[in-house]
Amino acid sequence: MRLHQLTLSSPMTSHRGIEFLLSAVLPAGLGAPANAQYAGAITYLGSYSSAAPTKPPARRAPASRVAVRLSEWKLELSQLTVPTGEVEITVTNGGTIPHALEIEGQGIEKELEPINAGATSKLRLKLPPGTYELYCPIGDGAHEKMGMIAHIEVIGSVNIEQLVTGMKKGGYVIVLRHGATNADQADTDPLHRDNIGSQRLLSEKGRDVAKRVGDSFHTLGIPLGKVYSSEFNRATETAQLVSGKSPTTTADLTEGGLVVSPAENARRAKALKTLAVVVPEAGSNTLIVTHKPNILDAFGEDWFASKEGEASVFKPNGSNNLVLVARVQAADWIRVGDGQ
């Protein structure tokens with residue numbers, strides 16, 4: 001079983017409130033969750049023809065986006081990993097003199113023309129898996145030698161068995177969306193989180209799957225150290241079932257929705273990102289259980305279709321950069337734990 005990798009991005013706008021609208025107008029697979037109610041609802045209109053209808057042209061897959069900031073004497077990347085495929089690189093010269101960008105790796109070598117101070121340029125290209133070097137080529141390598149160089153990893157497919165082997169040694173952060181919930185429930189009193197009866201809770205299936213994921217972690221020898229969760233019951237219960245521990249609950253991981261200010265939602269997103277780059281205690285992995293809006297605000301629009309029970313696995317490297325290793329569905333942990 002191979003798992004597709006996704007990217008990290010930092011959208012400047014909130015995605016709250018659009019999920020319902022998108023799910024009503026977009027077919028499954030184009031960014032909105034699949035919904036049988038709307039399956040086949042979109043048709044393609046054209047002139048009448050007695051010939052057999054033809055399929056509409058395939059939509060071009062969106063490119064992964066990477067922001068690069070150049071200055072004296074630094075080259076900063078918005079993320080260190082992207083998936084295989086189209087990558088759009090937006091380069092901004094935040095320095096005081098002209099700079100440029102060149103990318104090399106896997107037989108590819110592309111260069112942008114010099115960019116004046118304060119200006120922006122873009123480069124779009126298709127990158128196969130591998131490590132790429134990005135640097136400023138101005139001055140016959142002088143800018144590069146002064147520190148204007150960085151590396152980005154293009155990830156293809158990750159073998160979950162290999163991932164588990166690494167996680168046995170510790171050092172990973174698992175950001176988990178809470179387990180499956182009852183679709184007929186809502187948070188009717190979100191300001192009083194001790195009022196569990198007014199919350200959307202885990203379904204029986206959600207509890208069973210969370211427990212089985214925890215059993216798989218135990219069977220596979222994946223050690224969990226610190227465990228954090230949202231203050232909502234569906235998150236704390238997921239954390240308990242997966243880890244076998246009582247989690248440290250915090251508002252930083254709690255869904256705010258429309259009952260807190262946009263500034264507070266942004267603060268919580270930043271707090272989640274900050275927690276995800278903290279290196280776990282030696283020989284252990286950190287578990288963080290939160291909600292889709294928090295994950296989306298923290299990690300970007302590639303998490304729009306994040307499923308209940310989905311894990312995003314990061315490998316902190318001691319910097320403030322998020323390094324995504326894999327996104328794993330609950331069923332895959334269970335499958336490997338069952339030896340399948």
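This is a predicted model: local features need pLDDT of at least 70, side-chain atom pairs count only at pLDDT 80 or more; totals for chains, interfaces and linings use all residues.

Trainee: How many of the residues in the contact of α6 with α7 are nonpolar, polar and charged?

Mentor: Sort the residues on both sides, such as L272 from α6 and F299 from α7. The contact of α6 with α7 then splits into six nonpolar, two polar and three charged.

Trainee: Is α6 roughly parallel or roughly perpendicular to α7?

Mentor: Look at the axes of α6 (residues 262-276) and α7 (residues 292-299): they sit 8 Å apart, at an angle of about 75 degrees. Angles of 65 to 115 degrees count as roughly perpendicular. So α6 is, relative to α7, roughly perpendicular.

Trainee: Now the strands. Which residue in β9 stands opposite E104?

Mentor: Start with β6 (residues 102-105), which is joined to antiparallel β7 (residues 108-111) by four bridges. There, E104 stands opposite E109. β6 also pairs with β9 (residues 130-135), again in the antiparallel sense, over three bridges. In β9, the residue opposite E104 is E133.

Trainee: Which residue in the turn of the β6 and β7 hairpin has a positive phi?

Mentor: Two residues lie between the strands of that hairpin. The one with a positive phi, about 55 degrees, is Q106.

Trainee: And how many residues does the largest nonpolar core have?

Mentor: Those with the most contacts inside that core include V242 and F217. Further along the sequence than four places, V242 touches L176, F217 and L287, among others. The number of residues in this largest core is 28.

Definitions and conventions: Residues are numbered from 1 along each chain as its sequence is written. Side-chain values use heavy atoms; hydrogens and water are left out. A nonpolar core is a set of buried Ala, Val, Leu, Ile, Met, Phe, Trp, Tyr and Cys residues joined through side-chain atoms within 4.5 Å. Buried means under 20% relative accessible area, exposed over 50%, partly exposed in between (1.4 Å probe, protein chains only). Contact means heavy atoms within 4.5 Å. Axes are lines fitted to C-alpha atoms, for helices over the stretch in contact, and angles run from 0 to 180 degrees between N-to-C directions. Angles under 35 degrees count as roughly parallel, over 145 as roughly antiparallel, 65 to 115 as roughly perpendicular and the rest as oblique. Ala, Val, Leu, Ile, Met, Phe, Trp, Tyr, Cys and Pro count as nonpolar, Asp, Glu, Lys and Arg as charged, and the others, Gly among them, as polar. Two strands pair if DSSP finds at least two bridges between them.
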